[in-house]
Amino acid sequence: MSRKPPTRDIDEAKLRTTANKKVAVGVPAVLHALKIANDQMGVGRSVQTLLKVNQKDGFDCPGCAWPEEDKRHLAEFCENGAKAVAEEATLRRVGPSFFAEHSVAELDSHDDWWLGQQGRITHPMVLDEGATHYRPISWDDALRDIGDALSALEDPNDAVFYTSGRTSNEAAFLYQLLVRGLGTNNLPDCSNMCHESSGSALTETIGIGKGTVSIDDIHNADLLIVAGQNPGTNHPRMLSALEKAKQRGATIIAVNPLPEAGLMRFENPQTVRGVAFGGTTLADGFLQIRLGGDQALFQAIGKHLLEYEAESGDVLDHEFIDAHTSGLDAYRRLMMNAEWSELVAATGLPEELLRRLGETVRASKATIVCWAMGLTQHKHSVATLRDVVNVLLLQGNIGRPGAGVCPVRGHSNVQGDRTMGIYEKPSETFLESLDREFGFEAPRKHGFDTVEAIRAMRDRKVRFFMGMGGNFVSATPDTGVTEAAMRSVDLTVQVSTKLNRSHTVVGKRAMILPTLGRTDRDQRSGRDQRVSVEDSMGAVHASRGRLAPPSEELLSEVAIVARICAYVFGERPATSSLPANAPRADWASLESNYARVREHIARVIPGFEDYEKRIDKGRTFFLPNAPRDERRFDTSDGKAHFTTNTLEYPVIPPGRLLLQTLRSHDQYNTTIYGKDDRYRGIHGGRRVVMVNAHDIAQLGFVDGDIVDLVSEWTGPDGAVQERRADEFRIVAYSTPRGNAAAYYPETNVLVPLDSIADVSGTPTSKSVIVRLEHRG
């Protein structure tokens, strides 16, 4: 399978490489962030906006979900946060005249970077069936058309409703209510593609699909293992927390296939030490593990601890294990029978190094394991994360200060959306509470996750698609299949702030509903409104924008959803297939006063009591976390579960490489801020594949060759499927033998739709078998 790529608006011929950096942030990061902010917003607007990022009286950064301390810095943002704010608060505009000038076919020929650089969308737009250009449409007509399309569905399950992580708690809660009121649980979201494996493993083993640590725990940990994660690019504010932990005596171990500058040395631009004295060395050790070898690494740690326990008897926390866990004996038998030779083969690390890490864990009084996509996007990711939990349970490192599990969420409020009910497999407890509050019966049948939604669209089982933020087309796997699937839908609706590929790859009819961003002032009925978000550690706080919106034609996400609810749950055609017992609420009141939405949330979702009072004056409150707060585990037997997991790891065929897709430094998810990845020494281009120098020579190439990437995957029928991404430059890079790396979304085309993690269904974007082919 191949797909013609869009026009290369980034001139890849200008790409150059330098040595990768050994230090992150510092003055260069500040200057780069300010340059992008000035280009997008101008000097005055940049100062006005950036000083309100993550402040108690300001707005939550639209970038990552890393938490703030109670005491805030004057500049409480990082380089990539500044870029995210600049992209949203830009002075550039995309209005009706832009769409009149550019046909959809022309827009589709541009790459993601060009589309994102055009600016904020100012008016609702519609693409009529058979038309070549979007045209303006009034809000009343747009929302009426959407309501009519929903009412005309033969089956509510013919509709899919996607959510990005940026959506506020209030908008997400109303959105899931709309969808369940329609009679479906088809609520795929970006979690399906990132931390679904984390949620699956943690829910099963400790009874909650979230992490168990606070920011104070990070500061007070004795040992931090940062595995499959690149904080310097993806969560730069995490580096300040790691620096504080380091200054308090913590040991930090980095586990990753690529050396990342952020875990080597951190120059904190907010301290004299960071600016003038070379900063802080963070990682005490770097384990350059093979892709997919993390399960073996944590099994090696567990095996070492259990072997040491058998000899000395002073390793395990028996009091904790006896009172709070089950399944140790079976796990112990499996680990004692594990072969060190296989653990070495899977990780690519010598036994001595694995035992040394095990000894570091044994000596630790409080251990935290942090991870991101490097652990969650493999076929065996859920098993890997179960083994992470196993290691922590051995020493009682759940519910202890400075200890626990720390899945680092990628997008602001992606965790909050899930808390609000954005989930295709809702719990019965949540649905019963929703039913009581709104006087209806929500559907119980599980809905589509992201991959299942694409399959259903591909098979022409979906007639309506709505995306609440995000860029579904570029974010999802198997680009060729996804694009064809999207084009088969009758009506696609995107609620968006900026232009992206999901506005160019559309259904037979398409709408763009422009919405307010985090930085924008949101006034309803003459009153400023605020929304709320949940960070990666379960803390909830308010967010209020201050900038005048880019256009008077914008509506908030809350207002858009409330108006659709008012239409479809009010008077409806007699022929409507929607459930007769629709949810009952004062939709106009919810649109005009978001506090009314929070009142409903407080009655439906535990932990949100006195919601309004608790977010007043910028206060933050923590949601209940039973493992952390009480060492209570809401599992089938009320205990944390040791699990037995058969060791898995990728086996790479001869002449092939195992590819991981990843972000560049000038990128956040599918938003491309610029053309550089300066920490990795890539400048002016993105179509690169990073390969070990020995592999380059062995495969018959030289550094700088232009190649096609061809992925190979054996489908359920036993046939080998191929997918192709054209014209990538080989860059010699420090990566384990047999492993390679390249940027997404350019390489999403290589990820097979049906290659997913066991249990969680997450696309295996870190385990793609590829071969390199000479051009021509």
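# Strands, rings and buried residues in a predicted model

Visitor: In the hairpin of β30 and β31, which residue takes a positive phi?
Guide: The structure shown is a predicted model. The hairpin of β30 and β31 has five residues between the strands. The residue there with a positive phi, near 90°, is G718.

Visitor: How many bridges join β30 to β31?
Guide: Strand β31 covers residues 720-732 and runs antiparallel to β30. Within this pairing V710 stands opposite R724, while S711 has R723 as its bridge partner. The number of bridges that join β30 to β31 is eight.

Visitor: Which residue of β33 is the bridge partner of L709?
Guide: Besides its pairing with β31, strand β30 is joined to β33, residues 768-774, by five bridges. The strands β30 and β33 run antiparallel. In β33, the bridge partner of L709 is L772.

Visitor: In which sense do β29 and β31 pair, parallel or antiparallel?
Guide: Strand β29 takes up residues 688-691 and is joined to β31 over four bridges. One of the positions to look at is V691, whose bridge partner in β31 is A732. The sense in which β29 and β31 pair is parallel.

Visitor: How many of the nine residues of β30 are buried?
Guide: Strand β30, residues 706-714, is described as mostly covered. A residue counts as buried when its relative accessible area is under 20%. By that cut-off, the number of buried residues among the nine in β30 is seven.

Visitor: How many aromatic pairs are there?
Guide: A pair of aromatic rings is described by the distance of the centres and the angle of the planes. Two rings pair if their centres lie within 6.5 Å. By this rule the number of aromatic pairs is 14.

Visitor: What is the angle between the planes of F99 and Y134?
Guide: The rings of F99 and Y134 lie 5.3 Å apart, centre to centre. Planes over 60 degrees apart count as edge-to-face, and the pair of F99 and Y134 is of that kind. The angle between its planes is 65°.

Visitor: How many residues apart are F99 and Y134?
Guide: F99 belongs to helix α4, residues 96-101, whereas Y134 is in the loop between β5 (125-127) and β6 (135-136). The pair therefore links distant parts of the chain, and both of its members are buried, F99 at 0% relative accessibility and Y134 at 5%.

Visitor: Why is the pair of F320 and F633 edge-to-face?
Guide: The ring centres of F320 and F633 are 6.5 Å apart. Since planes over 60 degrees apart count as edge-to-face, the angle decides the matter, and for F320 and F633 the planes stand at 80°.

Visitor: How many residues apart are F320 and F633?
Guide: F320 is in helix α15, residues 318-324, and F633 is in the loop between α30 (626-630) and β24 (640-641). F320 is buried at a relative accessible area of 1%, and F633 is buried at 2%. This pair links distant parts of the chain, with a separation of 313 residues.

Visitor: The charged end of which residue sits over the ring of Y308?
Guide: Rings can also be looked at together with charged residues. R663 lies over the face of Y668, at 4.3 Å from the ring centre. Over the ring of Y308, at 4.2 Å from its centre, sits the charged end of R362.

Visitor: How far apart in space are L590 and V561?
Guide: L590 is in helix α27, residues 587-592, and is buried, with a relative accessible area of 2%. The residues that L590 touches, leaving out those up to four places away in sequence, include L174, V558 and H600. L590 and V561 are 29 residues apart in sequence, and their C-alpha to C-alpha distance is 9.9 Å.

Technical notes:
Residues numbered from 1 in each chain as written. Predicted model: local features only at pLDDT ≥ 70, side-chain atom pairs only at ≥ 80, totals over all residues. Heavy atoms only, no water. Phe/Tyr/Trp six-rings, centres within 6.5 Å; stacked < 30°, edge-to-face > 60°. Helix = DSSP H or I, 4+ residues; strand = E, 2+ residues; numbered from the N terminus. Buried < 20%, exposed > 50% of the residue type's maximum accessible area, 1.4 Å probe, protein only. Lys NZ or Arg CZ within 6 Å of the ring centre and 35° of its normal. Contact = heavy atoms within 4.5 Å. Pairing = 2+ DSSP bridges.
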